[in-house]
Amino acid sequence: MSILAEHQVLVQLAPLAADEHGRTKEPLPQRPRGPHPYGVGVAGRFSRPEDAPLRGVLAGWVSEYHGLVVAVAARTLKMQDRSLAEDVAQDVWLAVWQHLLSGRHVDNPRGFLTVMTRRRVYAHYALARVRREESTDYSDAAAVARLASWLEAAA
């Protein structure tokens, strides 16, 4: 008997798994086999053929306005955060792609990208989870006391 045959017997004998209430779980459906409905292309693994014109529009805007988007982001960011300009620009291009996919029309790409970039910077600072990292010297008694007070206030 081969290993494969032994494995099949074990699978057939294994009961369905039960949850914490003793009920048996339904088996998960099998993934469909075969090629993905959208062909694998240069634009990505799951690109849709009907999005080709929008990809062309986006590529044209990126080649023409990427410098503008980075410059607006750098100008709008705080001085110590200027290194985030490329990250903000990437977020802007993702939002532009989603905007184009939604079917909305843009009359003035330059103004649209400028406003969207500023809004992305403002959203970056508005997020509550954006915190400035501070280095703490644990050999300094005052720094340890300050850290302890922050932890006490948070608890």
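In this tour, contact means heavy atoms within 4.5 Å. The model is a predicted one.

**First selection: helix 2 and helix 4**

Select residues 52-76, which form helix 2, together with residues 109-126, which form helix 4. On the helix 2 side, the residues that meet helix 4 are W61, Y65, L68, V69, V72, A73, R75 and T76. Their counterparts in helix 4 are P109, R110, L113, T114, T117, R118, V121 and Y122. Sorted by class, the residues of this contact comprise 10 nonpolar, three polar and three charged.

Next, turn the view to follow the two axes, which come within 9 Å and cross at roughly 40°. Helix 2 is therefore oblique to helix 4. The crossing is right-handed.

Helix 2 contributes L54, R55, V57, L58, W61, V62, Y65, H66, V69, V70, A73 and A74 to the contact. From helix 3, select A85, E86, V88, A89, V92, W93, V96, W97, L100 and L101. This contact has 19 nonpolar residues, one polar and two charged.

Which ring does the charged end of K78 sit over? Display both side chains: the ring is that of Y125, and the charged end of K78 lies 4.8 Å from its centre. A search for aromatic pairs, with ring centres within 6.5 Å as the cut-off, gives a count of zero.

Conventions:
Residues numbered from 1 in each chain as written. Predicted model: local features only at pLDDT ≥ 70, side-chain atom pairs only at ≥ 80, totals over all residues. Heavy atoms only, no water. Axes fitted to C-alpha atoms, helices over the stretch in contact; angles between N-to-C directions. Helix = DSSP H or I, 4+ residues; strand = E, 2+ residues; numbered from the N terminus. Parallel < 35°, antiparallel > 145°, perpendicular 65-115°, else oblique. Left-handed = near helix turned anticlockwise from the far one by under 90°. Nonpolar A, V, L, I, M, F, W, Y, C, P; charged D, E, K, R; others polar. Phe/Tyr/Trp six-rings, centres within 6.5 Å; stacked < 30°, edge-to-face > 60°. Lys NZ or Arg CZ within 6 Å of the ring centre and 35° of its normal.
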